[in-house]
Amino acid sequence: MWLELLARLVLPFVAVVTCIALALRRTRWSEAALRASRWTYSIVSPLSLLYFPLKAGGVRPVECEWTFSASLAVYSLLNIQHLVGFAIFFMISVAQLPNVKHAIAWSFLACFALGFLVEIAEGATGIHHCRMRDLIPDMAGACIGAIAVLIERRLAPLRTPQENAV
């Protein structure tokens, strides 16, 4: 019971720390906040994979489904939990890389790697279903996150205060 609660709090915890770091940018605490955000992201994200063997009580390998088809791809897009989770993870990943030239590409890579590792962990422990087609909603969620990031970047100049306003 406590393990599932802890697993459900991992992403919100990293999101809160990242939001605090974003709120503190352009202040004297921005560097320390970004450092704390990066440490939280880089420690908590990989450790979240330990949820599977801890819940299973060890390793109990099962066979993974590697089948892909158009109908399975469309059906897998109904996995809202993956879509939302990976959209949030994508945005958090981009936030860790301010002023990095290819932050969006690196964030897509992080989403793919985490999604693949989650499926491998599910297959190694028998927890949930190890289906490689779940990478489809993972990457679709990353695309939703990318759209949100691109919209935010386009709107950011519109929010800057006008210097000549009296």
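Lys and Arg count as positive here and Asp and Glu as negative, while His and the chain ends are not counted. Each charge is placed at NZ of Lys, CZ of Arg, CG of Asp or CD of Glu. On that basis, the 14 positive and 10 negative charges of the protein chain have mean positions 10 Å apart. This is a predicted model: local features need pLDDT of at least 70, side-chain atom pairs count only at pLDDT 80 or more, and totals for chains, interfaces and linings use all residues. Residues are numbered from 1 along each chain as its sequence is written, and side-chain values use heavy atoms, leaving out hydrogens and water.

**Overall build**

- The protein chain has seven helices and zero strands; both are DSSP runs numbered from the N terminus (helices H or I, at least four residues; strands E, at least two).
- Its C-alpha atoms fill a box of roughly 65 × 35 × 25 Å along the principal axes.
- Of the 166 residues, 33% count as buried; buried means under 20% relative accessible area, exposed over 50%, and partly exposed in between (1.4 Å probe, protein chains only).

**The nonpolar core**

- A nonpolar core is a set of buried Ala, Val, Leu, Ile, Met, Phe, Trp, Tyr and Cys residues joined through side-chain atoms within 4.5 Å.
- The largest one holds 21 residues, and Phe-52, Phe-89, Phe-90, Cys-111 and Leu-114 touch the most other members.
- Helix α5 gives this core its largest share, five residues.
- Beyond its neighbours within four places in sequence, Phe-89 is in contact (heavy atoms within 4.5 Å) with Leu-11, Tyr-41, Ser-45, Ala-110, Cys-111 and Leu-114.

**Salt bridges**

- Side chains of opposite charge can pair when their charged atoms come close.
- A salt bridge is a side-chain nitrogen of Lys or Arg within 4 Å of a carboxyl oxygen of Asp or Glu, and the whole structure has three.
- Glu-31 pairs with Arg-35, with the closest N and O atoms 3.0 Å apart; the two are four residues apart in helix α2, so about one helical turn separates them.
- Glu-65 pairs with Arg-133 at 3.1 Å, linking the loop between α3 and α4 to the loop between α6 and α7.
- Glu-65 is partly exposed at 36% relative accessibility, whereas Arg-133 is buried at 10%.
- Arg-131 pairs with Asp-134 at 3.9 Å.

**A buried charge without a partner**

- Glu-122 lies in helix α6.
- Glu-122 is buried yet has no salt bridge; the nearest side chain of opposite charge, Arg-131, is 6.8 Å away.
- Not counting residues up to four places away in sequence, Glu-122 touches Phe-52, Val-62, Ile-127, His-128, His-129 and Cys-130.
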